[in-house]
Protein chains: 2
Amino acid sequence: MSMNALQTLINQIEPPDVDAMRMARERQNNLTKPLGSLGRLERLSLQIASITGNPRPHLQHKVITTMAADHGVVAEGVSAFPQEVTPQMVLNFLHGGAAINVLARHVGARVVVVDMGVAAKLAPHPALIDKKVGSGTDNITQGAAMSAEQALQSILNGAAVVEEEIGRGLDILGTGDMGIGNTTPSAAIAAVITGSAPAVIVGRGTGVDDLGLARKVAVVQRALTVNRPDPYDALDVLAKVGGFEIGGLAGAILAAAAHRKPVIVDGFISTAAALIAATLVPSVRPYLIAAHRSQERGHTIMLQWLGLEPVLNLDLRLGEGTGAALAMTIVDVSCKVLDEMVTFAEAGVATQEA
Amino acid sequence: MSMNALQTLINQIEPPDVDAMRMARERQNNLTKPLGSLGRLERLSLQIASITGNPRPHLQHKVITTMAADHGVVAEGVSAFPQEVTPQMVLNFLHGGAAINVLARHVGARVVVVDMGVAAKLAPHPALIDKKVGSGTDNITQGAAMSAEQALQSILNGAAVVEEEIGRGLDILGTGDMGIGNTTPSAAIAAVITGSAPAVIVGRGTGVDDLGLARKVAVVQRALTVNRPDPYDALDVLAKVGGFEIGGLAGAILAAAAHRKPVIVDGFISTAAALIAATLVPSVRPYLIAAHRSQERGHTIMLQWLGLEPVLNLDLRLGEGTGAALAMTIVDVSCKVLDEMVTFAEAGVATQEA
């Protein structure tokens, strides 16, 4: 039943629309600027045209979904912050005082906060979406993070969040995460799927010292040895070394692609979710835009595996969707350039000499 | 008299306010995020605090000044576009159909269009500021671009534009340019001031082919041989191989710094103006933010000479202030993060473990 739901979602993901892209390119090439002189802005607008099937796309409704969960692996001392910070930061998101709130307001996006598996009972709040799969994962150094059923459920729950938001208006999705300890499962996922050694993937997360970093590398190594996830089976990887918010974000990505909505993938944790999504469905890749290159060590390897070049390089390593929000305003204006600039003919401007 | 006016402007430029920066850093370090996790955003907010002297700065009034002029050196076949495009694009700016108009609207900046020396009589327009120093420069392969008096006047005219805009409200300035052929004098300025060979500085501008590129390198080399500008005398460099809009932008930069307003330096041409400004007054550097790394070849060398790391890398090479507008929204939100995020204590969030 649930597996059928996932298959249905996967089957909905179509190739991008090359006709819309061609029409967008024709228009770009006639706007009053030297050919190609807006570089990445031009390429982004063509990608959005191909994703949406609209040669002059508008990104009116912008959504950042910030998904939160906890991780049993914090028992191994892998984070600089205590686990209680996860629910505290969820409240901070709901009250509008966190970085993602400031950035989302600036770019005109709404923040959709989701409890995918926080290890605390969160008081109901009108802006909090309850999609809890469990109260935090189990410790991945001692066994699987979650059951196979929970892995599937986390993906479906994340997809449901996006489908509900599409009903409220969603033209572009940015992903975000909150979960003390979640750079550790993300690094484990990245090591498995990209086939890299933990030592080149694991970074300092929220700020562990050299000893903490060495401990994290050993923890990821142990998690892989204990669990032996199958790199070609995304659900197996997610269940054995993943997290509920990571599964939720993978589902969010798949649902956005299934509905021809562009997805801006935030940093390290969101990119781990994108690795899960792209392992499940390689054809999701054209729908993805990498927001930024995180300071977290292995991020570049993950982006390379996905074939993505990040829009921004601002030394960010916060998560929450902060990089996605910043990149969203660049993607947004790339479409405005395509739509609002005049052509050489309209402006009466002489064209490039042959 | 005019020389006194320049000296007065120069004398107004004070060092940045380290107390305001320290107070801003203290606040940044108490906001609900891991220390330093917003990377460049945090550093930008501290820079703005130090420039403005305000530990919680607001950038309400945003201005992009796009300065236009023509260049006698186009007679040497250095541009892919005919000279008539300069006044045509000025009209396009005034009608709101150019890239800079779209980008400035997106980021909430007003565009101030200035005729610094277009080689055509422009019809009066309420939004066009007439600061014309001459009808285009002379051909720099045959002698000086302009007289010493014109060089000084172009700087003072550019400064006057910014001082008038400060009267209308200006919290941050972005520079922009329009002038067919102006990558050639900009490359000449860069070669002189950074002490680099023309071949490593000159790029394709709006899009010359390989033959055109070789011709541009030879043209810049000839301009330097004929004129022998003194690299330590910015006015001499500007007069011999510069342009009226480049002088105007150098003046705009100095005036902004004199009034403690941050300046976002756009791409290749604006950075040539920044080289002039920083050669005149080295203490202008802390007021500068490099918008982006242009695709134009020598730009990185120019940024290194200035000690600036660009905010964006989007393969832009358009000018007009387009990169400055995009970077402006990042700088703007960096201050909003500093101002609007709550602290750990305010949010009741546990801090980093010792």
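**Exercise 1. The interface between chain B and chain A**

Determine how much area chain B and chain A bury between them, and what share of it falls on carbon and sulfur atoms.

Solution. Chain B and chain A bury about 4600 Å² between them, with 63% of it on carbon and sulfur atoms; buried area is here the accessible area (1.4 Å probe) that two parts lose on being put together, summed over both. On the side of chain B, the residues that lose the most area to chain A are Phe81(B), His106(B) and Leu314(B), together 13% of what that side buries. In terms of contact, which requires heavy atoms within 4.5 Å, 57 residues of chain B meet 57 residues of chain A.

The structure is a predicted model, in which local features need pLDDT of at least 70 and side-chain atom pairs count only at pLDDT 80 or more, whereas totals for chains, interfaces and linings use all residues. Residues are numbered from 1 along each chain as its sequence is written, chains are lettered from A and ligands numbered from 1 in the order in which they are written, and side-chain values use heavy atoms, with hydrogens and water left out.

**Exercise 2. Polar and charged pairs across the interface**

State how many residue pairs are in polar contact between chain B and chain A, and how many salt bridges cross the interface.

Solution. Between chain B and chain A, 20 residue pairs (both at pLDDT 80 or more) are in polar contact, that is, a pair of N or O atoms within 3.5 Å, where within protein one must be able to donate a hydrogen and the other to accept it, and residues adjacent in sequence count only if both atoms are side-chain atoms. The largest share of the side of chain B that touches chain A, nine residues, is supplied by α14(B); helices (H or I, at least four residues) are DSSP runs, numbered from the N terminus.

The interface also holds four salt bridges, each a side-chain nitrogen of Lys or Arg within 4 Å of a carboxyl oxygen of Asp or Glu. Arg105(A) pairs in this way with Glu340(B), their closest N and O atoms being 2.9 Å apart, and Arg43(B) pairs with Asp315(A) at 2.7 Å between the closest N and O atoms. Because Arg43(B) lies in helix α3 of chain B and Asp315(A) in the loop between α13 (299–306) and α14 (322–340) of chain A, the latter pair joins two chains.

**Exercise 3. The surroundings of Gln88(B)**

Solution. A polar atom of the Gln88(B) side chain lies 2.8 Å from the backbone nitrogen of Ala350(A).
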